[in-house]
Amino acid sequence: MSRFDIQPTPLAGLQRVQRQRLGDARGFLSRLFCAEELALAGWTGPIAQINHTFTAQRGTVRGMHFQHPPHAETKLVNCLQGEVWDVAVDLRRGSPTFLQWHAERLSADNQCALLIPPGFAHGFQALTDNVEMLYCHSQPYAAQSEAALHVQDPHLAIAWPLPVQGLSPRDAQHALISDDFEGVHL
């Protein structure tokens, strides 16, 4: 029995992962990661890092982060408490969906996750207070490969559902995309 229902999104390689709960009167079990099943959706290699985040205030936006090769990473993003508007932007040079974004509502209730392949920027907006997220990364964090897009870049025109607030000083300073932005070469 599969513990995941994996559905493609309009951006090639970006997958919506619906976790299947097994439960009874005592509670439930929900598998967050299975290398064998997620390999069919594009996960390759081991988990190199797991991160847990807490966001206190509704409306807060974190992102849009990515790593350049050779540290480009696959991410499996889960929401464990609250609800978020989770966004991925295709940065793959030559992709037919270059600079297009796709968003999914992830929540503790809907048991959805987003499997984000290398070459995508990622961020989210907290739709509730007290949001907890869990990220599985295929590559460790590498400061020299880190990059980001500005969450309010007009080239992206991300339709954040709430007014953007709570940006970290670092996220607020990310540059806008220039007309000659070439994306990520994988």
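Q: How far is the sulfur of Cys 136 from the closest cysteine sulfur?
A: In this predicted model, the closest cysteine sulfur to that of Cys 136 belongs to Cys 34. A disulfide needs the two sulfur atoms within 2.5 Å. The separation is too far for a bond, because it comes to 12 Å.

Q: How many disulfides does a search of the whole structure find?
A: The cysteine sulfur closest to that of Cys 34 is in Cys 136, and it is too far for a bond. The search of the whole structure gives a count of 0.

Q: Is Cys 136 buried or exposed?
A: Buried means under 20% relative accessible area. The relative accessible area of Cys 136 is 3%, so Cys 136 is buried.

Q: Why is the pair of Phe 33 and Trp 43 edge-to-face, and not stacked?
A: A search of the whole structure finds 2 aromatic pairs. In the pair of Phe 33 and Trp 43, the ring centres are 5.1 Å apart. Planes over 60 degrees apart count as edge-to-face. This pair is edge-to-face because its planes stand at 80°.

Q: How many residues apart are Phe 33 and Trp 43?
A: Phe 33 is in the loop between strand 4 (27-30) and helix 1 (35-39). Trp 43 is in the loop between helix 1 and strand 5 (49-55). The pair links distant parts of the chain, 10 residues apart.

Q: Is Trp 43 buried or exposed?
A: Residues under 20% relative accessible area are buried. Trp 43 has 3% relative accessibility, so Trp 43 counts as buried.

Q: What kind of aromatic pair do Phe 98 and Phe 181 form, stacked or edge-to-face?
A: The ring centres of Phe 98 and Phe 181 are 6.1 Å apart. Planes under 30 degrees apart count as stacked. The two planes are at 10°, so the pair is stacked.

Q: How far apart in sequence are the parts that Phe 98 and Phe 181 tie together?
A: Phe 98 lies in the loop between strand 8 (83-90) and strand 9 (101-107). Phe 181 is in the segment after helix 2 (169-172). The pair therefore ties together parts separated in sequence by 83 residues.

Q: Which strands stand at the edges of the open sheet?
A: The open sheet has 5 strands in the order 9-8-11-6-13, with antiparallel pairing. Each edge strand has a single partner strand, so one side of each is left without a neighbour in the sheet. The strands at the edges are strand 9 and strand 13 (146-148).

Q: Is Asp 90 buried or exposed?
A: Asp 90 forms a salt bridge with Arg 92, with the closest N and O atoms 2.8 Å apart. Arg 92, at 18% relative accessibility, counts as buried. Asp 90 has a relative accessible area of 0%, so Asp 90 is also buried.

Q: How many residues apart in sequence are the parts that Glu 146 and Arg 170 tie together?
A: Glu 146 and Arg 170 form a salt bridge, and their closest N and O atoms are 2.5 Å apart. Glu 146 lies in strand 13 and Arg 170 in helix 2. The pair therefore ties together parts whose separation in sequence, in residues, is 24.

Definitions and conventions: Residues numbered from 1 in each chain as written. Predicted model: local features only at pLDDT ≥ 70, side-chain atom pairs only at ≥ 80, totals over all residues. Heavy atoms only, no water. Buried < 20%, exposed > 50% of the residue type's maximum accessible area, 1.4 Å probe, protein only. Phe/Tyr/Trp six-rings, centres within 6.5 Å; stacked < 30°, edge-to-face > 60°. Helix = DSSP H or I, 4+ residues; strand = E, 2+ residues; numbered from the N terminus. Pairing = 2+ DSSP bridges. Salt bridge = Lys/Arg side-chain N within 4 Å of Asp/Glu carboxyl O.
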